[in-house]
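The sequence and structure come first.

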Amino acid sequence: MSTPALYRRAVRRETHSPRSTLAITIAIILALVLAWLGTESVLAAIGQPALLVAPKDIVTAVLTAATAPAPLLVAIGAVAAIIGLVLIVLSLAPARQGRRGSIADRTAAVVDDRVIAQSLARVASYAGDIDPSQVSVSVGARSARVDVTPTSGRRVDQREIQQAVDAEVASYDYRPALRAKVRVSSKGMVA
């Protein structure tokens, strides 16, 4: 495997969540259900009373399900379809962690979104000449929102902050790339 392909694989592995938690949870649920069915079968075979439902009663209920009222069958089908749809969506949806990757010739780097948020907050506070505690940044999958609360009685140039934040974001070589939006609050803060 070539080095760039290895770096891409390593970055993808660090920026996406594994599906193992979901798979383990489903496996545990299935193991519990099968253990319960096995226990019920053994109890029925040795002539003991069932813990919850006898296997014979389960088979009879399944075979006579067609004679059940239609609304009950529709409700059971809808619940089964929703559970199936949720599992399909969870298995196919990208499980992105709050990280971004960058690959250069001989290096690969993974940066947490919180580090990017702190960097953008610092740049916005310098550009707006305000305290860093007056800047709040949230980083999403493809965008960063910078909320600035100015000091009461002082004006803040939103365009200047936007340019500084855009320049900072443009200097990043992370995938997926970010777009930044600066919002200045109409209410001030007492410093």
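The model is predicted. The protein has 191 residues, and 21% of them count as buried. Among contacts with a separation of 6 or more, 62% join residues 24 or more positions apart.

**The sheet**

Three strands make an open sheet. Their order is β3-β4-β5, and the pairing is mixed. β3 (135-139) and β5 are the edge strands; each has a single partner, so one side of each lacks a neighbour in the sheet. On average, neighbouring strands are turned by 15 degrees against each other, direction ignored. β4 and β5 pair in the parallel sense, over six bridges. Val 148 faces Val 184 of β5 across the sheet pairing, standing opposite that residue.

**Helices across the sheet**

| Helix | Strands it lies across | Angle |
|---|---|---|
| α5 | β3 and β4 | about 145 degrees to β3 |
| α6 | β4 and β5 | about 155 degrees to β5 |

**Helix α6 in detail**

α6 spans residues 158-171, 14 residues in total. From first C-alpha to last, α6 reaches 20 Å, close to the 20 Å expected at 1.5 Å a residue.

The N-terminal end of α6 is capped by Asp 157. One of its side-chain oxygens lies 3.3 Å from the backbone nitrogen of Arg 159.

Which residues of α6 are buried? They are Ile 161, Gln 162, Val 165, Glu 168 and Val 169. These residues sit on the same side of α6 because they cover an arc of only 130 degrees around the axis. Buried means under 20% relative accessible area, and exposed means over 50%. By that cut-off, the face turned away from the buried side carries the exposed residues Arg 159, Ala 170 and Ser 171.

What covers the buried residues of α6? The cover includes α5 (113-128), β4 (143-148) and β5 (179-184). Two of these elements, β4 and β5, are also the strands that α6 lies across.

Conventions: Residues numbered from 1 in each chain as written. Predicted model: local features only at pLDDT ≥ 70, side-chain atom pairs only at ≥ 80, totals over all residues. Heavy atoms only, no water. Helix = DSSP H or I, 4+ residues; strand = E, 2+ residues; numbered from the N terminus. Expected span 1.5 Å × (residues − 1). Buried < 20%, exposed > 50% of the residue type's maximum accessible area, 1.4 Å probe, protein only. Arc of directions from axis to C-beta. Contact = heavy atoms within 4.5 Å. Polar contact = N/O pair within 3.5 Å; in protein donor to acceptor, adjacent residues only side chain to side chain. Pairing = 2+ DSSP bridges. Axes fitted to C-alpha atoms, helices over the stretch in contact; angles between N-to-C directions.
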